[in-house]
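Colleague: I'm new to reading protein models. Could you walk me through this one, step by step?

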Amino acid sequence: MCTSCLGDLSEVIHKYPNAFAMKVKEVIILGSVKPLERKSNVKPEGCENAEDQAFSASVYESCQELKVPIINIERDVATGFPFPSSYVDELAATGHMVGTTVQRSVEMHMNGVWELIKQIQEMKGSRSPKGLDVHAFSKYTLGNQKPRGGQHNIWSMVQSINLELVLGLLCCIP
């Protein structure tokens with residue numbers, strides 16, 4: 001399952017294409033693709049920078065050439081469906097690898113977003129980066145709770161998460 005830059009995956013595919021094709025059942029990618037054109041491969045849409053775009057294009061193209069299926073989860077679809085964070089805690093409490101991985105990943109992501117928000121608040125007058133709605137994060141993710149300024153781990157305050165990572169990991173279960 002891939003959630004960000006596909007550079008490492010691209011490198012593995014190019015170094016070991018036969019092993020990749022034999023060992024990998026499918027590749028799950030959280031991201032969007034361009035509309036399909038007649039008689040062409042599926043192509044990734046808009047990455048953060050040109051290098052990421054090149055890696056993504058290489059992975060999509062290679063998987064299709066090697067006939068390794070790609071499951072693509074559109075981020076915008078998963079973003080619209082909040083998921084109670086208590087479910088993530090319950091899933092992790094089972095000790096199953098998927099549950100603990102989801103919890104660890106989502107907790108790291110939420111703490112990272114909080115650290116970014118703190119940095120923005122410290123730089124008075126600066127704008128939030130594209131895609132980060134501080135008000136929505138506070139309202140929907142934290143249930144309008146306000147973490148202390150010096151607080152680093154906010155997982156205990158998180159009420160709801162987006163489903164993108166959960167859906168991706170669930171796709172990994174055979």
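Modeller: Happy to! Helices and strands are DSSP runs, numbered from the N terminus. Please keep in mind that this is a predicted model.

Colleague: How many helices and strands does the protein have, then?

Modeller: There are eight helices and four strands. Read from the N terminus on, their order is α-α-β-α-β-α-β-α-α-α-β-α.

Colleague: What should I look for inside?

Modeller: In soluble globular proteins, nonpolar side chains tend to be buried together. Here, the largest nonpolar core has 17 residues, and the members touching the most others are Met 110, Phe 137, Trp 155, Val 158 and Ile 161. Helix α6 (residues 97-122) supplies the largest share of this core, seven residues. Another core of 10 residues lies apart from it, including Leu 6, Leu 9, Phe 20 and Val 59.

Colleague: Which residues of helix α1 are buried?

Modeller: A residue is called buried when its relative accessible area is under 20%, and exposed when over 50%. In α1 (residues 7-15), Gly 7, Leu 9, Ser 10 and Ile 13 are buried. Viewed down the axis of α1, these buried residues fall within an arc of 160 degrees, so they line one face of the helix. On the face turned away from that buried side, you'll find the exposed residues Asp 8 and Lys 15.

Colleague: And what share of the protein's residues is buried?

Modeller: Of its 174 residues, 33% are buried.

Notes. Residues are numbered from 1 along each chain as its sequence is written. This is a predicted model: local features need pLDDT of at least 70, side-chain atom pairs count only at pLDDT 80 or more; totals for chains, interfaces and linings use all residues. Side-chain values use heavy atoms; hydrogens and water are left out. A nonpolar core is a set of buried Ala, Val, Leu, Ile, Met, Phe, Trp, Tyr and Cys residues joined through side-chain atoms within 4.5 Å. Buried means under 20% relative accessible area, exposed over 50%, partly exposed in between (1.4 Å probe, protein chains only). Helices (H or I, at least four residues) and strands (E, at least two) are DSSP runs, numbered from the N terminus. The arc is that of the directions from the helix axis to the C-beta atoms.
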